[in-house]
Amino acid sequence: MRTVSLRVRLAAFVILAMALLVAERTSSIVGLHQERLAAARTQVLDVVEQGVGNYNLALVAARSMLATVASQVGEQFCPDLPAILAVSGSVESLFVANADGLIVCGTTEKAVGLSVANRDYFKIAMRGIANLDPVPQRLLDPMPAIYLAQPLFDDDGMPRGAVMARLGIDELFPKSFANQLGSDAEAIVVDAAGLTLTAFPDRHQLVGRTLAGTGPVRAAMARSQGTVTAAGPDGRMRLYGFGRLPASNMHLIVGIDLTAVTRDVERATWRAGATLLAAIAMLLAGLWIAGERLIVAPVQALSRRLTRFGQGKRDDDPREGGRVVITELAPLASAFEAMAEELTHREEALRSANRRLSSLASLDPLTGIANRRSFDAVFAVQWSTARHLGVLMIDIDDFKLYNDHYGHMDGDRCLHRIAQALAGAVAGTDVIARIGGEEFAVLLPGATLASAAELAERLRLAVEELGIDHAPSLRGPVTVSIGCATCAPAPGLYGGDLMLAADQALYAAKQAGRNRVRLGGSVRPAGQGPGTASATAGRGAAGG
């Protein structure tokens with residue numbers, strides 16, 4: 001009776017030790033599972049933001065090109081359309097329609113003579129409004145398409161027709177941006193009615209289908225941005241991220257297979273569970289088969305080793321060095337050592353992968369407008385495509401005094417209010433960005449010096465009318481100084497030359513007493529190498 005009681009106590013001891021190890025490892029694996037899901041949500045939203053950013057850059061370039069064409073188009077301009085199309089990476093076709101909606105010329109000969117009078121984008125253009133419109137069917141085939149339309153005006157300022165561009169969906173949404181999520185990923189673009197405009201990888205099966213009844217599309221149409229776990233069009237459960245595309249009611253939806261997110265954690269869980277169950281069975285069988293004298297000491301040693309494994313410690317206790325262990329239990333000890341080492345490695349690998357996930361941001365987080373990187377990218381595109389380009393350099397007057405007096409929190413709120421006021425006064429294809437601490441820049445495709453000066457004055461008044469108190473300043477409320485410069489990109493000139501001219505005009509506005517607009521002189525080569533918007537100089541002198 002004494003022997004049976006001792007075996008029961010030994011069995012209870014071993015089971016308790018194993019339960020502690022199971023609890024510790026289970027808690028760790030559950031935590032890793034949640035971290036993996038959170039990392040996957042961040043990753044899929046990063047891919048959505050990257051896709052939206054690619055779309056926005058391509059759209060800005062296409063709009064600028066179309067506005068340039070519309071400002072100069074006429075019957076004699078039609079032969080130049082193929083050459084213009086050849087330098088535009090995001091436009092597939094160009095068309096010119098008269099006031100009756102008949103296409104008079106274009107880069108696709110079969111479209112000449114067709115009517116677009118019933119198309120919404122043409123109707124809106126004939127009201128004098130440039131617009132973007134996704135349609136379920138092109139002019140010449142039943143495939144969906146995205147059109148840009150720009151009105152043409154006569155000498156009296158009345159619409160006399162429109163120039164239109166069919167955007168290349170594959171250029172706006174290249175498949176490569178979703179490849180980083182793996183072969184099981186899915187990416188679709190839908191319009192406001194849930195019609196699929198493009199899809200990856202099942203393009204031929206999904207394009208043209210209405211997916212408004214599916215989980216991810218319903219979620220995307222209800223919110224501007226977010227994530228949802230739902231069954232996709234193919235019935236597979238995925239973690240989806242979605243975001244609304246700028247200047248449209250279209251949505252980009254990207255999904256990653258849930259099994260791919262949790263596969264490693266589930267494998268580790270099953271392996272740990274199977275190993276633990278096998279170990280418990282072997283220990284209990286050994287306890288009942290072996291005698292008290294042969295099993296007690298080895299099992300006690302093994303339980304101590306398991307406890308150290310559960311605590312994450314190495315098995316280097318010198319007291320166990322001379323202990324005699326039953327030969328049949330040696331594989332069991334090795335199995336536990338391998339299990340503990342493998343689970344530890346998986347924890348480290350998963351945490352390392354989570355730290356590598358990052359997002360690509362194109363907006364300034366404080367003000368909500370474009371940041372310097374976005375401005376430089378758009379500037380480079382405009383410099384290579386626009387026939388005339390203008391730049392405004394804007395600096396908040398005495399902002400350091402404002403920060404010193406009111407504190408950085410009020411300073412941040414002041415920056416945000418001014419950025420929103422400037423953004424509200426800028427329209428069309430113009431691009432406004434925060435390029436420094438209290439510095440902003442506006443890119444004006446097609447602007448003349450007079451129109452740039454007019455916009456600059458509107459921006460100056462918009463800030464002045466905010467009426468933000470500025471006690472340290474002798475001029476009253478917070479104001480801005482603005483420098484203007486324009487030029488026609490030409491051989492020998494670089495983007496940095498235009499930016500330098502605008503910067504020098506800003507410096508002149510500061511020297512003239514601040515809260516002023518000053519116009520730059522003619523843009524001349526500055527002896528610099530080829531540059532972009534980053535190639536500016538002298539800004540430190542204009543600060544404040």
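Residues 24 or more positions apart account for 64% of the contacts in the chain with a separation of 6 or more, contact meaning heavy atoms within 4.5 Å. The model is predicted, so that local features need pLDDT of at least 70 and side-chain atom pairs count only at pLDDT 80 or more, whereas totals for chains, interfaces and linings use all residues. Residues are numbered from 1 along each chain as its sequence is written, and side-chain values use heavy atoms, with hydrogens and water left out. The chain contains 16 helices and 15 strands, which are DSSP runs numbered from the N terminus (helices H or I, at least four residues; strands E, at least two). Of its 544 residues, 47% are buried, where buried denotes under 20% relative accessible area, exposed over 50% and partly exposed the range in between (1.4 Å probe, protein chains only).

The largest nonpolar core has 45 residues, of which Leu 94, Ile 146 and Leu 167 touch the most other members; such a core is a set of buried Ala, Val, Leu, Ile, Met, Phe, Trp, Tyr and Cys residues joined through side-chain atoms within 4.5 Å. Helix α1 (residues 2-72) gives the most to this core, contributing 14 residues. When residues up to four places away in sequence are not counted, the contacts of Ile 146 include Leu 132, Pro 134, Ala 165, Leu 167, Phe 173, Leu 197 and Met 250, and also Asp 133 and Arg 166. A second, separate core of 28 residues includes Ile 394, Ile 396, Ala 419 and Ala 447. In soluble globular proteins, nonpolar side chains tend to be buried together.

Six aromatic pairs are present in the structure. The ring centres of Phe 375 and Phe 379 lie 6.1 Å apart with the planes at 35°, so this pair is tilted; rings of Phe, Tyr and Trp (its six-membered ring) pair if their centres lie within 6.5 Å, and planes under 30 degrees apart count as stacked, over 60 as edge-to-face and the rest as tilted. The rings of Phe 379 and Trp 383 also have their centres 6.1 Å apart, but their planes are at 10°, so that pair is stacked. An α-helix has 3.6 residues a turn, so residues three or four places apart point the same way. Phe 379 is buried, with a relative accessible area of 0%, and Trp 383 is buried at 16%. Other buried residues of α11 include Ser 374, Asp 376, Val 378 and Gln 382.

Strand β8 (residues 225-231) and strand β9 (residues 237-244) pair in the antiparallel sense over seven bridges, two strands being paired if DSSP finds at least two bridges between them. The two strands form a hairpin with five residues between them, and Gly 235 in the turn has a positive phi of about 85°. Within β8, Gln 225 stands opposite Gly 243 in β9 and is partly exposed, with a relative accessible area of 45%. Contacts of Gln 225 beyond four places in sequence are made with Leu 45, Glu 49, Phe 242 and Gly 243.
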